[in-house]
Amino acid sequence: MKFWWGLALAVALVGCQSPPSTPFVAKPPEPTVPAEPERTPYTQISMRAQDRRIPVIMYHDVIAKRDRNSQWFDCSVDEFRAQMEFLKSQGAVPISVQDLYDHLTNGKEVPETAVVLTFDDNYQGVYDNAYPVLKENGYPFCVFVHTAFVGKTEGLHPKMSYTTLNELLTDPNVTVGSHTVTHPDDLSQLDIPTQEQELQISKQELETNLNRKIDFLAYPNGKNDETTQGLAESAGYKMSFSIVNGLAEESPSIQCVSRYVHTRLEKAWEDRQRAMDGGGGGAIRMPLKSDGTISLKIEEHAGVRLAMITGGTPETDTSETRESVLQFIQRTGAQAGINGTFFAMAAIKSTDNRLVGPCKTPTMPEVIGDTETTRWEKLRNRPVVLWSKYEIAFVPFQPETMQTDAPFKDYMPEVQNVFMGGALLVRNGVPMDRKQLMIFGSRDVMDARRRAALGVTMDGQIVCAATRESATSAQFATALAEAGVNNAVLLDSGFSTSLVFGEKIIASGHSTASEPSRPVPHAILLRGTLDPASQVLAQQNELRFVPEENRRRRRRQ
Ligand SMILES: [Zn+2]
């Protein structure tokens with residue numbers, strides 16, 4: 001960018017001194033995706049983090065040997081060593097809490113198999129028993145300290161002193177965070193001034209005694225609510241941890257990041273793998289190529305007859321009343337289209353137009369969230385599709401953190417279209433298999449029905465595809481990949497399936513004479529010029545609907 005400006009300036013100056021005999025015409029630079037403007041750092045869990053799934057593990061004391069005084073949450077040094085060996089055998093790479101923060105909020109690149117190790121309650125056993133193992137492996141870790149207990153040596157579980165903590169902190173792999181002053185059983189149950197004291201005084205005391213900023217907090221017993229989260233943020237904590245078995249990127253808030261208890265380490269690793277397989281960790285972002293010519297193909301792939309429309313400029317639209325895709329096209333002047341996303345009230349006569357998942361069309365000023373919290377968990381990790389004029393992305397959905405404009409704008413500043421797909425069908429050219437599709441748990445994924453998809457080819461052309469006959473999602477995914485679709489999501493299928501080229505209905509899941517394709521609240525429309533050869537093909541393959549009275553007449557004959 002700077003180079004071009006410099007060059008333009010130099011040319012302008014030269015021009016002043018001696019005007020060239022023929023007018024100088026600068027070659028315009030190739031149109032490209034505009035450089036992303038300088039970003040304000042994001043401070044919430046970002047969509048940029050959705051290409052990883054990181055388990056944060058919580059330990060307490062690490063003891064020399066288990067005996068009858070041991071607590072369930074103690075970990076013996078042998079058990080600890082075995083856990084570190086397990087992580088190593090899985091190729092896990094421990095990262096610091098600071099790296100976790102930078103990844104969660106701004107998508108810092110971290111290893112695909114990252115894991116975070118944390119220790120609550122400041123036990124001397126961490127220094128005596130865990131640290132040698134951690135140091136030997138060069139593993140970063142974080143200790144959460146409740147300041148009223150620093151240096152307490154009485155009892156079975158002595159706590160580290162500031163001298164010991166300062167010694168630990170000479171190792172750049174060590175981070176210290178706050179665990180409040182007195183370790184209240186449930187911080188969120190205390191009155192606000194007391195909560196503030198617990199959060200602020202512990203932070204100040206650690207900062208004074210350890211001579212550094214304290215940015216991270218672990219709630220005692222993991223207990224917190226939205227008020228407590230707000231107080232933690234106001235107190236200056238950048239990130240806070242709960243104790244909910246869950247992966248960091250799927251946490252409800254940066255002030256409530258999930259952690260697994262260490263006894264569930266293997267479960268945590270399994271959850272991670274499952275999330276990655278099911279579409280979590282599958283964020284895809286690529287340039288979108290707008291081609292003026294819209295063409296139609298009807299081909300058989302993997303035993304499925306596919307109708308595919310490629311090219312054109314895609315945009316989404318919603319209907320106040322529900323319309324057929326043909327009506328959408330007639331109303332907006334678009335040239336082709338396909339039915340869009342899933343909607344809440346699927347009954348054909350229903351007029352309730354609430355869509356499932358977040359939604360934005362070019363005419364909406366902001367993203368509209370999905371407020372139906374009862375279905376949020378079912379939607380987690382389903383692909384959200386978003387695009388601007390220049391690029392398209394498929395991001396695993398997180399219901400708590402992707403419901404407003406801010407995360408979308410942070411991820412793609414010029415985003416114009418947002419909706420949720422039913423499942424990722426093809427990822428980077430590879431079709432999802434039955435097992436992967438079942439992770440989403442949608443009951444009908446393996447039913448044979450007419451199916452619809454939105455996809456993109458490897459060179460960034462949009463593809464609207466539908467099956468001409470019934471197929472399962474896995475068959476559809478295989479067929480799409482074979483047809484050269486590089487990434488694709490499932491659209492609402494069955495009765496809603498409707499692919500229209502020009503004014504010809506090429507695929508439909510619903511056919512009565514009065515409604516040759518079913519009215520839907522959301523559609524994806526293509527603008528451009530219809531390819532003439534494709535228009536002939538559309539004419540030949542148009543689904544014709546016999547009006548009801550003609551049918552009756554035919555029956556009588
Ligand atoms: Zn604790």
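Predicted model: local features only at pLDDT ≥ 70, side-chain atom pairs only at ≥ 80, totals over all residues.
Okay, let's start with a hairpin: strands S23 and S24 form one, with two residues between them, and Gly502 in that turn has a positive phi of about 60°.

Residue numbers run from 1 along each chain as its sequence is written.

S23 covers residues 498-501, and it pairs with S24 in the antiparallel sense over four bridges. Two strands count as paired if DSSP finds at least two bridges between them. One of those bridges links Val500 to Ile505 in S24. And how buried is S24? Five of the five residues of S24 (504-508) are buried, so this strand is largely enclosed by the rest of the structure. Buried here means 20 or more other C-beta atoms within 10 Å of the residue's own, exposed means 12 or fewer, and partly exposed is in between, with C-beta atoms placed from the backbone.

After H13 comes Gly484, with a positive phi near 95°.

Of its 557 residues, 47% count as buried. If you take contacts between residues at least 6 apart in sequence, 72% join residues at least 24 apart. A contact means that the C-beta atoms, placed from the backbone, lie within 7 Å.

Now, a sheet. Four strands make an open sheet in the order S11-S16-S15-S17, and the pairing is antiparallel. Which strands stand at the edges? Those are S11 (284-287) and S17 (417-420); each has a single partner strand, so one side of each is left without a neighbour in the sheet. From one strand to the next, the twist averages 10°. Angles run from 0 to 180 degrees between N-to-C directions, and axes are lines fitted to C-alpha atoms, for helices over the stretch in contact. Inside the sheet, S15 (residues 383-387) and S16 (residues 391-396) are joined by five bridges. Val385, for example, has Phe394 in S16 as its bridge partner.

Last topic, helix packing. Helices H2 (residues 77-89) and H4 (residues 124-137) pack at about 25°, with their axes 9 Å apart. H2 and H4 are therefore roughly parallel. The cut-offs are under 35 degrees for roughly parallel, over 145 for roughly antiparallel, 65 to 115 for roughly perpendicular, and oblique for the rest. On the H2 side we have Val77, Phe80, Arg81 and Met84, meeting Asn129, Ala130, Val133 and Asn137 in H4.

What about H6 and H7? The axes of H6 (residues 192-210) and H7 (residues 226-234) come within 10 Å and cross at roughly 45°. That pair is therefore oblique. Their contact is made by Ile192, Gln195, Glu196 and Leu199 of H6 with Thr228, Leu231 and Ala232 of H7.

Note on methods. Contact = placed C-beta atoms within 7 Å.
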